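Take a look, then read on.

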Amino acid sequence: MIKDKKRSRSTRSTFKGGVLTLRRRAAGTSGEFGGCFKMDFKLFLVCAVVSLVNSEPHDPSSIEHRELTLSFTKKLLQHIQEDQITVPNPSIHLALRMSSQHNQGFENDYLLRLKTELHKDLESSLTKGKPITGQVALYILALKASCYDISTVRLDKEQLIHLLKKQIEQEKEHVAVTKRPLTNYYQYSLGILAQCVSNVRVSLHVRNKLIHAIEVGDLKHGKNEQSIDTLAMAGMALQCVKESGGGQDDARLQQALNTIKDKLLASQRPDGHMGNEFSTGLAVQALLAMGIKVSEYSDTMKALLTSARNGVYHNPMAISQVLPALHQRSYLQLKSHDCTNEDNGLILETKKVLEPMEDNVEEVSLQVEVVSSEDSSSTYFLNIPKGSSILEALKLLKLKNEYKFETEPSLWGPFLSVVNGVRARQSDRNYWHLSSDGISLNQGIDDYKIQHSQMITIKKTNY
Ligand code: B12
């Protein structure tokens, strides 16, 4: 039994085989999370778990769930067929391989592209001295998801896994000197996870640096905002380390895992998402990895379905992080991934012909404010067709010679890196932060579509 003196009278909780089960006595308490907010923290967490495991069937039927996972898989397959130019994305391959439905021909072609094009891209980054911890880790996970023998893959004359080890060592040294990794704790965690699922022992120093960052609350997105995505990735990495044993399963490790679990549960919004729409998939994966059942009918899964239905996940990278969660799987399962007896029946229908663009598209007015420092800012005004992206608006300004900008490619699409000649760099802990009418955006310049008149602020921000 869980010791919780302040336990609600209507909630009973038991531990069965390591899985937390909570049952509700009273009818009408259907797992709605809104009611959790007036409680103290401990009770709040219990309430959050109730809302997660609640298995009374609600509206979304499992048929809808199945159809959605299928349509996401098809979207990813469609994407890899159409986009032959961008460097292939290991996260997409990973998601396709962790699905239940497969088109092995397309998957094999993409694996080949990873091993040639991504491989070359990583070699080139290495030559330029760029840290590539996260990308190498994802590459390893993608290979493992295809049951590929990673010991046969060499990058820059080194076995891939040894290269990853070196990258993580460098990250660790950087933490020791500057208190921050070379890249970020998300990639640091991905690195630990990839090592661990490949049955490579993670050094105590490496994992302790991550545990320390969790203890002091350093897993952030930008300056202040807690990063649920990073907590989730760290959770999967440390859970894997814990399960690998080898004397590493100590109290400090367990405490870090508890902290992560509590923070993930506490991050649930009234609409069911954990953190935001784009971190929820990873949060679900982490909870599953930690042995917490996230029912298909939980508020969290319902939130994922609602967002999916509303077209929130159109970026293939977003789909790739949500799909394993919809299958109730986590990256941790790659440790014992089996590629035999797989389905190979998925076929892509021919694509629908696009409707011709309307001639009279409504225009909206846009104000773009660029803040480079406390005392330097400039503002631009323009009209753009409703539904344009920020990227399209910036291109228009560039055409008028009013404004200059550069982007860098990333797995999420173009990352705004230089504005009017000013570069915001990872090495200097600076970036161009995006907001709309004062509210921080949760999408990038290519994905955020302008539906009404507004002011976009692009502010150089340090973190
Ligand atoms: C770390 C991180 C950052 C760091 C990156 C620098 C650093 N310290 O490494 C900082 C704080 C700068 C950052 C900024 C932003 N981020 Co961010 N970030 C992440 C995080 C936690 C990990 C990224 C990573 O390392 N991936 C692993 C490596 C292997 O992949 P990668 O593609 O090579 O990584 C690079 C890109 O991801 C890029 N990047 C980071 N964030 C974003 C966001 C967008 C839209 C793009 C195109 C690229 C990009 O920086 C990474 C390092 O170089 C992800 C979480 C996630 N679920 O992926 C969120 C995430 C990708 N970020 C997000 C957002 C919204 C942003 C911002 C738009 C926030 C804002 N309002 O300004 C800005 C980007 C603005 C711009 N200039 O284009 C969202 C994207 C959702 C979406 N649908 O597009 C995520 C998913 C977080 C979330 N759940 O909301 N981010």
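Let's begin with the shell around the ligand: domain 2 (62-336) and domain 3 (363-462) each give at least three residues to this shell, with domain bounds taken from an automatic or database domain assignment. Keep in mind that this is a predicted model, where local features need pLDDT of at least 70, side-chain atom pairs count only at pLDDT 80 or more, and totals for chains, interfaces and linings use all residues. Residues are numbered from 1 along each chain as its sequence is written, and side-chain values use heavy atoms, with hydrogens and water left out.

So who sits around the ligand? There are 34 residues around it, and Asn184, His221, Asp229, Asn276 and Leu441 come nearest (near means a heavy atom within 4 Å). By type, the shell splits into 13 nonpolar, 20 polar and 1 charged (Asp, Glu, Lys and Arg count as charged; Ala, Val, Leu, Ile, Met, Phe, Trp, Tyr, Cys and Pro as nonpolar; the others, Gly among them, as polar). Strand E13 (430-436) is one of the elements supplying at least two residues, and E13 gives the most, with 4 residues. Helices (at least four residues) and strands (at least two) are DSSP runs, numbered from the N terminus.

Here are some polar contacts, meaning pairs of N or O atoms within 3.5 Å:

| Residue | Polar atom | Distance to a nitrogen atom of the ligand |
|---|---|---|
| His221 | side-chain | 2.9 Å |
| Trp432 | backbone | 2.9 Å |
| Leu441 | backbone | 2.8 Å |

Which protein residue is the donor to the cobalt atom of the ligand? His221 is the single one from the protein, with its NE2 2.3 Å away (donors are N, O and S atoms within 2.8 Å of the metal, or 3.2 Å for Na, K and Ca). His221 lies in strand E5 (residues 220-221). The 6 donor atoms around the cobalt atom subtend angles of 84 to 175 degrees, so the arrangement is octahedral (six donors, opposite ones over 155 degrees apart and all others between 65 and 115).

Finally, the structure holds 2 disulfides (cysteine sulfur atoms within 2.5 Å). One of them joins Cys147 and Cys339, with sulfur atoms 1.9 Å apart.

Technical notes
Tetrahedral: all angles 85-135°; square planar, octahedral: opposite > 155°, others 65-115°. Polar contact = N/O pair within 3.5 Å; in protein donor to acceptor, adjacent residues only side chain to side chain.
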